[in-house]
Amino acid sequence: MSADMLVIANRAAGSTEREAVGEALEVLSGDGPAELCYTESREQLEELLDRLDGRTLVVVGGDGSLHTTVAALHARGELGAVRMGLVPLGTGNDLARGLGIPLDPREAARLVLDGKPTPMDLLVDDTGGVVVNAVHVGVGADAAQAATPMKSRLGPLAFPVGAVMAGLRTKGWRLEVVVDGRTIAVPRRKTLMVGLANAPSIAGGTAQLHPHADPHDGLVDVVVSHSVSPLARLGYAVRLMRGDHTRRDDVVATRGKEVSVAGEPFWLNADGEVTGPTRRRSWTVAAGAWKLMLSSDESQPG
């Protein structure tokens, strides 16, 4: 697909990342004008979006960069009108992994050129926040906080290490979880983790929150784990990495369009961005709310 492009990348990227940005830009420029701009703040991003002018917007970065860009477009009321591409350049790259987007910058850039704009679901919360890949409540958020200082040294391995650290100290939360008006967890039974999966992969591809999560089907896959005893936490972690944790007797898995979580103060990890604490949050699926360049095979519900 030949079209003018605005390519955005993080100014804080190191020399290796900047080399990958250059490789992606070389491919993208071969099919038409591609302007590269670096950003380091939401204000700079807003300035770039002001002059997008119908061009394809290519994010060269990780889940956090994509999350920030989608959130900004959503807040501006422009998300549905923008055609987006993704060249993964982060630690986790979970949405890319779940969608089969190549992690090699040249191959990902070629997919942007050869793919087609594919409608993608979006989770929108009751504060106006968004989720493009997944959001965790409970031990998932604690694990992200523990992993953050280790990312520069361990890369994707920081995620399982952080999960172990969080799992060792948590005692669970008393929460109520409601999906489409149906209560699937109550405060009297402690909860280890609540996960909402728009796409399968989390923790840098080391785990599948829900292997069958499909960001094109208008539904979010919800996983609630009650694995709060020390032995149960270990068993849940092992099976989470294998992707068969939903078969455990102390795990509830379902799907829906509206999800709410309320109870003891909890932190949230939305696409790697940790916020909180809060006592209540709800999410609604906005079906096909944005468009991402994907191959024809990956753009079909699986």
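**Notebook: salt bridges and a helix pair**

I started in helix H2, where Glu46 and Arg42 sit four residues apart, so about one helical turn separates them. Helices here are DSSP runs of H or I with at least four residues, strands are E runs of at least two, and both are numbered from the N terminus. The side chains of Glu46 and Arg42 form a salt bridge, 3.1 Å from N to O (a Lys or Arg side-chain nitrogen within 4 Å of an Asp or Glu carboxyl oxygen).

A note on the source: this is a predicted model, where local features need pLDDT of at least 70, side-chain atom pairs count only at pLDDT 80 or more, and totals for chains, interfaces and linings use all residues. Residues are numbered from 1 along each chain as its sequence is written, and side-chain values use heavy atoms, without hydrogens and water.

Next I checked the wider setting. Arg42, Glu46, Asp50, Arg76 and Glu78 are linked in a salt-bridge network. I found that the structure holds 15 salt bridges.

Then I looked up Glu26, which bridges to Arg106 with the closest N and O atoms 2.9 Å apart. This pair links distant parts of the chain, since Glu26 is in helix H1 (residues 15-29) and Arg106 in helix H5 (residues 105-114), 80 residues apart. Glu26 is exposed at 52% relative accessible area, while Arg106 is partly exposed at 34% (buried is under 20%, exposed over 50%, partly exposed in between, with a 1.4 Å probe and protein chains only).

Last, I noted Arg255 and Asp217, whose side chains meet in a salt bridge of 2.2 Å, N to O.
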